[in-house]
Amino acid sequence: MKIGIDRIGFATTNKYLDLDELANARGVDPNKFKIGIGQNKMAVADMTEDIVTLAINSTLEYLDDVDLAKLGLLIVGTESGIDQSKSASLFVKEALNLPNEIRTFEVKEACFGATAGLMMARDYVRAHPNHTAIVIGSDIARYGLNTSGEVTQGAGAVSMFIAQEPKIIAFEEGHASYSEDINDFWRPNNFKTALVDGKYSTEIYLKFFQKTFDAYLNQNKLTADDFTAITYHLPFTKMGLKANRLAVAEASEDSKARLEENFEYSTKYGREVGNLYTGSLYLSFLSLLENAGANLQAGKRIGFFSYGSGAMGEFFAGELVSGYEQYLNKELHQQMLSERTKLSVAEYENVFTETLKDLPEDIELSSDVTAGKYYFAGQNGFARNY
Ligand code: CAA
């Protein structure tokens with residue numbers, strides 16, 4: 001039975017910061033951010049945008065195509081949750097009018113959360129062939145003003161509908177996992193921004209890539225040449241570029257250019273929004289699908305490298321399904337990115353500072369988010385309203 005991604009939706013914030021302007025404000029050469037880090041812009045979430053609104057908005061993109069009678073599972077992967085107890089997925093389920101009979105919960109393992117959900121959904125659909133699942137990776141990456149991680153912030157959600165005989169990509173059996181208990185990135189309960197040892201994190205990411213990639217190749221008797229493209233978790237695109245160089249080093253001359261070109265296509269959206277944490281790998285995949293054009297053909301194998309700090313890595317792969325192009329929303333995504341409101345550095349700093357404040361028990365918020373999209377409308381007795 002073929003199981004995989006049948007539909008995929010993407011949402012990001014209404015506001016962004018141009019990283020050339022951030023570089024100038026921080027007294028850094030703009031090429032450090034553009035080339036050295038590999039990012040152009042970053043999404044900035046205001047008070048009315050959180051992981052729930054992003055998750056809802058990304059799923060609304062394809063929900064009309066889903067037969068709700070068959071939906072059995074809704075999983076939200078996140079590491080920037082809005083409650084220590086209640087799952088974000090319950091707010092999402094309510095807003096989307098999904099059946100009360102589905103199983104729904106939130107998953108956490110840093111940026112690996114959506115992959116954990118995806119693998120559970122794959123197994124669920126295999127065990128329940130008449131059922132389908134929705135898996136969402138939704139996050140807001142915040143490191144803090146004037147920190148070295150500031151340029152690698154971002155926000156957004158990717159939502160995937162998982163079904164048998166999928167329209168976009170069918171996953172191969174198996175996966176290669178690797179984990180170790182380390183401190184490269186973490187966010188204690190009393191912190192609103194992340195703590196990170198960025199250089200150590202890159203080192204571990206590359207080590208985990210090499211381990212899981214090699215294990216997957218051995219497991220499935222493949223070589224690097226058997227991949228038309230490899231997509232990566234991209235906290236910033238330079239990190240993925242370093243991993244792709246390791247993959248390319250194992251490829252023949254014929255495959256090198258293809259893997260390098262397709263890597264560039266997979267970074268196009270990430271460069272514009274920054275780190276999506278759990279959604280980041282799947283945004284790389286979407287970016288590849290919507291930007292590679294003739295470089296991608298149905299029937300070809302695409303690799304996925306998922307990484308969550310702490311740390312957990314996994315490599316898996318899938319085969320592109322014939323006609324996948326018809327199920328993408330390239331124009332919608334490009335319009336969404338081009339219609340965002342640009343913030344000055346001062347405006348970004350104000351928005352950022354506001355979002356770190358504790359809210360009172362009761363508050364009503366209004367929003368300038370695009371009409372038709374969900375926003376966080378405030379809370380009563382600390383219970384959130386959307
Ligand atoms: N032109 C071009 N390139 C330049 C340049 C210039 N003018 N100036 C510097 N550079 C290059 C440097 O040579 C360097 O390149 P290499 O990496 O190839 O060596 C690059 O720009 C960055 O320079 P620095 O290392 O000096 O930058 P920095 O000290 O400011 O730190 C960083 C960069 C480590 C990425 C930092 O921004 C950071 O810590 N970011 C957070 C990283 C992160 O997100 N880690 C977690 C990843 S996994 C994840 O997402 C976690 C999860 O599970 C939640």
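Visitor: How accessible is arginine 126?
Guide: Arginine 126 is partly exposed, because its relative accessibility is 32%. Keep in mind that this is a predicted model.

Visitor: Which residue forms a salt bridge with arginine 126?
Guide: That is glutamate 173. The closest N and O atoms are 3.2 Å apart.

Visitor: What does aspartate 358 form a salt bridge with?
Guide: Its partner is lysine 192, with the closest N and O atoms 2.5 Å apart. Aspartate 358 lies in the loop between helix H11 (345–355) and strand S16 (363–364). Lysine 192 lies in the loop between strand S10 (185–186) and strand S11 (195–196).

Visitor: How accessible are aspartate 358 and lysine 192?
Guide: Aspartate 358 counts as exposed, at 65% relative accessibility. Lysine 192 is partly exposed, at 39%.

Visitor: Which residues do salt bridges with shared partners join into one network?
Guide: Asp6, Arg7 and Asp65.

Visitor: Are aspartate 6 and arginine 7 buried or exposed?
Guide: Aspartate 6 is buried, and arginine 7 is buried too.

Visitor: New topic: strands. Which strands does S4 pair with?
Guide: S4 pairs with strand S6, residues 132–141, through six bridges. S4 also pairs with strand S5, residues 103–107, over five bridges. S4 and S6 run parallel, and the pairing of S4 with S5 is parallel as well.

Visitor: What holds paired strands together in general?
Guide: Strands of a sheet pair through backbone hydrogen bonds.

Visitor: Which residues face each other here?
Guide: Leucine 73 is opposite alanine 133 in S6. Valine 76 has glutamate 106 in S5 as its bridge partner.

Visitor: How does the chain cross from S4 to S5?
Guide: The chain goes through helix H4, residues 88–95. This β-α-β crossover is right-handed.

Visitor: How many residues of S4 are buried?
Guide: Seven of the seven, so S4 (residues 71–77) is largely enclosed by the rest of the structure.

Visitor: What about the sheet with S16, S17 and S18?
Guide: Those three strands form an open sheet, in the order S16-S17-S18, with antiparallel pairing. S16 and strand S18 (383–385) are the edge strands, each pairing on one side only. Strand S17, residues 378–380, is joined to S18 by three bridges. Glutamine 379 stands opposite arginine 384 there.

Visitor: Now helix H9. How many residues does it have, and what does it span?
Guide: H9, residues 280–291, has twelve residues. Its first and last C-alpha atoms are 16 Å apart, close to the 16 Å expected.

Visitor: How many of those are buried?
Guide: Twelve of the twelve, so H9 is largely enclosed by the rest of the structure. Among them are Tyr282, Phe285 and Glu290.

Visitor: What comes just after H9?
Guide: Glycine 293, with a positive phi of about 55°.

Visitor: Last one: threonine 152. Where is it found?
Guide: Threonine 152 is in the loop between S6 and strand S7 (154–164). It counts as buried, at 10% relative accessibility.

Visitor: What is threonine 152 in contact with?
Guide: Leaving aside neighbours within four places in sequence, its contacts include Ile37, Tyr143 and Phe236. A polar atom of the threonine 152 side chain also lies 2.7 Å from the backbone oxygen of glycine 149.

Visitor: And how far is threonine 152 from valine 273?
Guide: They are 121 residues apart in sequence and 9.5 Å apart in space, C-alpha to C-alpha.

Notes:
Residues are numbered from 1 along each chain as its sequence is written. This is a predicted model: local features need pLDDT of at least 70, side-chain atom pairs count only at pLDDT 80 or more; totals for chains, interfaces and linings use all residues. Side-chain values use heavy atoms; hydrogens and water are left out. Helices (H or I, at least four residues) and strands (E, at least two) are DSSP runs, numbered from the N terminus. The expected span of a helix is 1.5 Å times one less than its number of residues. Buried means under 20% relative accessible area, exposed over 50%, partly exposed in between (1.4 Å probe, protein chains only). Two strands pair if DSSP finds at least two bridges between them. A crossover is right-handed if, with the strands pointing away from the viewer, the path from the first strand over the helix to the second runs clockwise. A salt bridge is a side-chain nitrogen of Lys or Arg within 4 Å of a carboxyl oxygen of Asp or Glu. Contact means heavy atoms within 4.5 Å. A polar contact is a pair of N or O atoms within 3.5 Å; within protein, one must be able to donate a hydrogen and the other to accept it, and residues adjacent in sequence count only if both atoms are side-chain atoms.
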